[in-house]
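Colleague: Could you take me through one part of this structure in detail? I would like to look closely at where the two chains meet.

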Amino acid sequence: MKRYSIKYLAGLLLTISFVSCQDTPFLNQVPYSFTSPQNFYKTESDFKMALVGCYEALNTSSITGGLWVPDGTYARGLYYILEGCSDNVCANNSAISCDFEKATYVPSNQNLGYFWSAFYAGISRCNYLLDNIKTAGISDSVKTQITGETRFMRAFYYQHLAQCFGGVPLNTSSTPDNKAPRAPLSDVYALIISDYNYAYKNLNSSGINTSSANKWTAGAYLGTLYNYLASCKRYNVGASLVAQCPLNSFDWVNADSMSTKAVTVLSDVVNNSPYKLLPQAQYSYLFREGTKSYQYQECLFLSEWSDVFSDAYSTNTELFTPQGSNTYAGSYGRHMPTYNLYKSYLVGDIRRDWNITGRYETGCVTEVVQNVSYYVPKVSVPVTSLLQWCTGKFRLAVPGTYSAHGLNVSNSLNYPLMRLADVKLQLAEAFYFTHEEPSARTILTEIRQRVVDPAKTTIDDLNLGYHNTDFVQELLDERRRELCFESKRRIDLIRFDKTTSAIQNLPVEGNTYVQGAITTLQANWSYNKIWLPIPQTQLDLNSNLVQNAGY
Amino acid sequence: MNKSFLLKSKTLCVLFLLLISFNQSAFMQTKNNNGQDQQIIRGKITEKSGDPVIGASIRVKGFSVGSVSDVNGNYQLKLPENAKTLIVSYIGLKSKEVSIEGKKQIDVVLESNAVELTEVVAIGYGESKRKDLTGSVSSINSESMSKLGISDFSENLQGRLAGVKVTSQSGEAGGSVDIKIRGANSIYAGSSPLYVIDGMQIDVNPSEVATSSMGGNTTYNPLATINPSDIASIDILKDASSTAIYGARGANGVIIITTKSGSKKGKTEINLNVSYGVTGATKRINMLNAQDYIDYKYLRGDALTTYGIDTNGDGKIDAPRDASQYQQYNWQNLMLRQGSTNNYDVSMNTTIGKTRISSSLGYLFQNGIVLNNDYQRYSGRIKFDHEVNSKLTVGASASIGSTVSSGVVSSGGGDGSFTGVIQGIYTQRPTNLYSASEAVDYPNGYVSFATMVTDQAYRNSSLTRIIGNAYIDYKITSDLRFNLTSSINTSGSKLQEFYTSSTLWGRISNGAANISEISTNSFTSSATLNYNKKINNKHSLSALLGAEMNGYHYEGFGIKAQNFQDQTTGVFDISKGANILPPTSLVTQVNRMSAFGRFSYIYMDKYYLTANLRADASSNFQIGSRVGYFPSVSGAWRINSEPFMKSVGFISNLKFRASLGSTGNDRIPAYQALASLTPNYYSANGATIMGMSPNTSENKNLKWESTYQYDLGLDLGLFDNRVNIVGDVYYKDTHDMLIQAQIPAQSGFTTQWQNIGRLSNKGVELSLVTRNIETSKFSWKSTFNFDLNRNDVISLGGAQFLPVTIPNGALTDVARVIVGQPIGTGFGYVFNGNYQMTDFTWKDKTGAAVDPSTITSANMSQYIYTLKPGIVTINSIAVSPGDRKYKDISGPNGIPDGTINSYDRTVISNSNPKFNLGFGNEFSYRNFDLNFFFEGVYGNQIMNAFTNMVEAGAKGSTSYNLTQNYWNNRWTPENPSNTYAGILNSTNDFVSSYYVEDASYLRLKNVTLGYRVKSKLLGALKIQGFRYYLSIENVFIITKYSGMDPDIKSASPLFSGFDRLSYPRSRSISMGFNLIL
């Protein structure tokens, strides 16, 4: 009998204690060290913080769960992806990042996954904000401002993904379908255009933070996108691959309509925004660490880093800065310029010797610009020198003298993502395709005017020397000269369907490293690589995704 | 908001419900026989050792009168008339008949006849005699451990117990150890067992030890603070019937560690152990010397001006430089040293009145075999048990252990970035010659690797753990006991490290300092009622009812500084670092509440039945998913107690056991069911602005992982138990696995904890102990254990596989968890020889065809080659002769497509052994004793990623040194190897079967020779015992594995057979003595 009573008792006790006790404070543990979404997204200040997060993904080093992703963002990885497979640079290293400059990328290249994951994290951050702000009790004007900036960033991330991978899954909610298939480019760009348009229509001339996108940023990106779509359609980009992957078709694009729209919006930006081209004396300020206020005069959008020591600092070992040691704040010299790029400049175009330099070496002198000291790299020695041959467009301050970082590996150089020079060249393109070639040529002249070294040449000589009866070719050449190492070249070549010819016609010349790297690039390039492969891990995780052609 | 306060309140909620329920069952009293006046006889039953035999049966021959000895071995008995002989028996001891002959006091000494049967085994919240077990429990006692002089208790378990798989991360002292009981149960939620140390439940959490943030991810064993000499016994609960009493924490098995208690003998015993040993690396790998290295770099052609020289003055570099002009290094000689181990411990066990006291102090000091790597452990312990009166016993214990490890982090095979000292020894260039583009490695001029480690780096990592325990044991009636036990476990760990700008680890940041501190506090409080009753000597009942609460509080804090202008004070003045990185802090709390009961019934020592039920609620899950119920039932049949077996004389014990039940696992990081936001930082015009972003997404339905387990066992004793066999077969079925699943990144997140999938483990365990010879002078005992486990992923919640990625290094996407395959499956390409000269068509620069057989290394660069049609190509890579080739298995349409792409990947390795075994022999002859022990595994494979670093290639760090073996056998036009690729191999970063090696091994783990001094002198000096010994650890290993040692612990539990080179295993030869006063 005893035994039964004990058994019953056991059962009774277990029941009583667990029904009554499971909802106790003892078991309802609330986290100490992190915020939960339920307590957040309430006040204006919450949304402003959330908005910062929406920007941060563009150059972040780590995303959800601590995944380390600098090799997929503007922290460093995108420089390889967006400058590579072009006639501007070739790889000087065997690192995985360099696969993008050698055209040896395969679906398992982990940097692809970092790019994909980081930019989708950015999109998700935007979606969380947008879902929550609808019902938030904050003033309408702030709501509109924050919504506009957020939609701009969502479009920014999607544009990068779509231009690199083609059609990608659409995610516009904080509770998305994780297994959604890739959407066709028409759907993806419809969303991007609608987001950019909203931002362009609703934002003011200045954003919430000085690094924020504003009306003009949105307009510039919108116009640029119209041009991109128009050229992809006109030049049948990827048409031969569409049979294998119909998602990436541009058939739906009305090229002329796009060009017309581009003229309208880009003209608005050029004519009405406060941005201007910096004069020749200040040209180099666009690319220096200590001249942020000048950068803001010409740059509509930048990948920004902090002067004070914090999590928000850049590492520069893989930047387009001259090669050199710690002492000089030099880089590893991962990207080697091609001799062909060097030759694309005429003597007297100050951009040549600014963009392509030698190393920082013992005996380097310093120069002071706006109260900040910089080491001056050696002058480049084309063709033969193995060492004096660097991408030197960006310059960091003498370590320890400017930002609180003081290290060569961490700096606060803001990397321009959209300059007025770019916007103007985009407008020139739009003019050309809307049959206003003279206006287009005027813009080319304007861009060239500030880079004329009067001691060596004149604007007329440059115009003459750079002239090409094929305006598109001349425009692309000018964009290359102006915007090299600013992550534009890969897309520029692709959208005019010139990548294959640019790579295959690249003369195997320069120093032996460059020659070897060009040979590698030429051996490995194939046309299907205009689209990056969908990362293998993502294909594995979502069986609804299809791979791009040829991988 | 004070949660630690909340944590303590509400305890009553469950605890004292029990007390209320305590009812009439308490009032049972044993009745006395009031017979006629009878003679009373008293006495004491002891073992040979002098320990009292508790519960021995004393019967009068020919009568149904008997008694049982009490806790002190004393008995008394009323003799019936004509009683002539007493029969004293106890299972596991030889029964003895003693004639009464009118004596009033009969003391009996019983001798042992069996091996393990008398052993008392700790089961959850109680103990049982081994003979009464219905479940599967393996044990190891202090005696077998103390003989060996081992400094880490977990290492001592390796190979010794069937079904218990111990792997250690490296040969480094204090390095982390992985114990798996009956296979991997879980994919992501912890798969290590629950430890119960004197009642304190401890989940092993390697993050309790502050570890280096630089040079790699070496983890340390959080239980290394425990001095093995303090352990009385280790009992390992394996099947559901044994572990279900630990419910939600029992699924991975339970290791119960009981520390020593004061002596029962009423005398004081002082035990002193001293040992000294020397250690050395068991293995070296031949790497290139300086000249070969320069030749290699010259042949690569990356930096001709550095590595080559123009010998004939024609302006063309035509020969490698002469190494003798430069410093030359053999890093293995410079960095590996003879290590040493000093171990001292002293303990005292005594009884004062009704108080038993045990205390100890210990000190261990090890010089590791890698330069500057030292390890120390201090430990102290005190424990007392006091009998207040006949009803009440109280006791308390406290132990403190502290370890200090120093020397540059070794990166012992973790997911490190290959920059640990160990990797450096093999990859650093053997000369101080380097090219301008390699100068980034030496920003301040060349600094030798050894100098970096000895003079330019500092690391000190300490861990202190205090475990305290107190109990009240109240005998309500002779059958019913109430026990209240509370335990606390506090750990504190601190890491300080500094690397100057001359080191590999500090050069980028111009000096790097790191301080991190981690502390944890946990408690377990349990109240139990224990009821034991024997009825008519036929029925034996016991019941247990208990309630428990526990909580675990974790706090971490860290700060890093960089950019030191003055590096002389290092980590001791981090204010000199111009860049102070944002400090980090983390606090988590996990609470659990439980109630449990156990009922067991034994009939006539023949039929056994045990049932368990536990209910658990965990704060890791949300309301609704929070509570889990874990029942189990088991039974046993002791056949040799049946009358029909009496005639089978050679069988002295035969018992069948069967059990089934379920247990759980909630071991995931706290709060994973909740969505969270984390801060991040962007900038605006140079200023930092803080943002907040979603970090994890919510999963309200997250709940326990549960494991259903079925076990059939057999205990067999033969020839008076001189042969003891224990065998088990089991099947474990894990449902609702807690998986930190990779989810499509298009969701905005990359991982989420989910309950998906199902996994099974099935296996066989066998252990055998034989006493082959037992004479007064010579004895020989053998032990043998064997187990095999088969692990199978049954489902992954719809997915066919989960990718397994191990970050850093060239080979990262290395494995998969695949439905239908075991956990630990390597996934990649199948190596298929190298591209040979004849796979290409050759032309000279004029376009004329060239016969490939005329081409040599010297003139190869003059010709142009193209791959012949029909030869397999590699997607996206233009291959060259000497590159590795892979098998074309499939294509987009499921048929081979002539090119190597992701469709060609397949299963290429299995980390799981086909079986594990261990066997040993113990001999004693007069005063000598000799022990040796082998352990081994068979049939497992390791993906040796280290090979990728030291066999050249176009990718990876091309400045790494190479193995001599590779260099001598590499592909060249003259040596068309199909094994070793050419030095510019462009396909070496393909995860392939090339890197997979057989990792079976057999190791003579320990040989110990001891001598027990027996002399009158000792008696005169009041020395009770003196033994000295010589012990050799890790005597030799037989294996084909080319890495340091096949016993590795990978960074990922999902791919245990993955090696990036671990700390070299050491062989140690130690001498010591053991003195008992």
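Modeller: Happy to; here is a walk through the interface of chain B and chain A. This is a predicted model, in which local features need pLDDT of at least 70 and side-chain atom pairs count only at pLDDT 80 or more, while totals for chains, interfaces and linings use all residues. Residues are numbered from 1 along each chain as its sequence is written, chains are lettered from A and ligands numbered from 1 in the order in which they are written, and side-chain values use heavy atoms, with hydrogens and water left out.

Contact here means heavy atoms within 4.5 Å, and on that basis 109 residues of chain B touch 106 residues of chain A. Between them they bury about 9,100 Å², that is, the accessible area (1.4 Å probe) lost on putting the two parts together, summed over both. Carbon and sulfur atoms give 63% of this area.

On the charged side, the rule finds 2 salt bridges across the interface, each a side-chain nitrogen of Lys or Arg within 4 Å of a carboxyl oxygen of Asp or Glu. B:Arg905 forms a salt bridge with A:Asp540, with 3.9 Å between the closest N and O atoms.

Which strand gives the largest share of the side of chain B that touches chain A? That is β29 of chain B (residues 584-603), with 11 residues; strands are DSSP runs (E, at least two residues), numbered from the N terminus.

Notes
Helix = DSSP H or I, 4+ residues; strand = E, 2+ residues; numbered from the N terminus.
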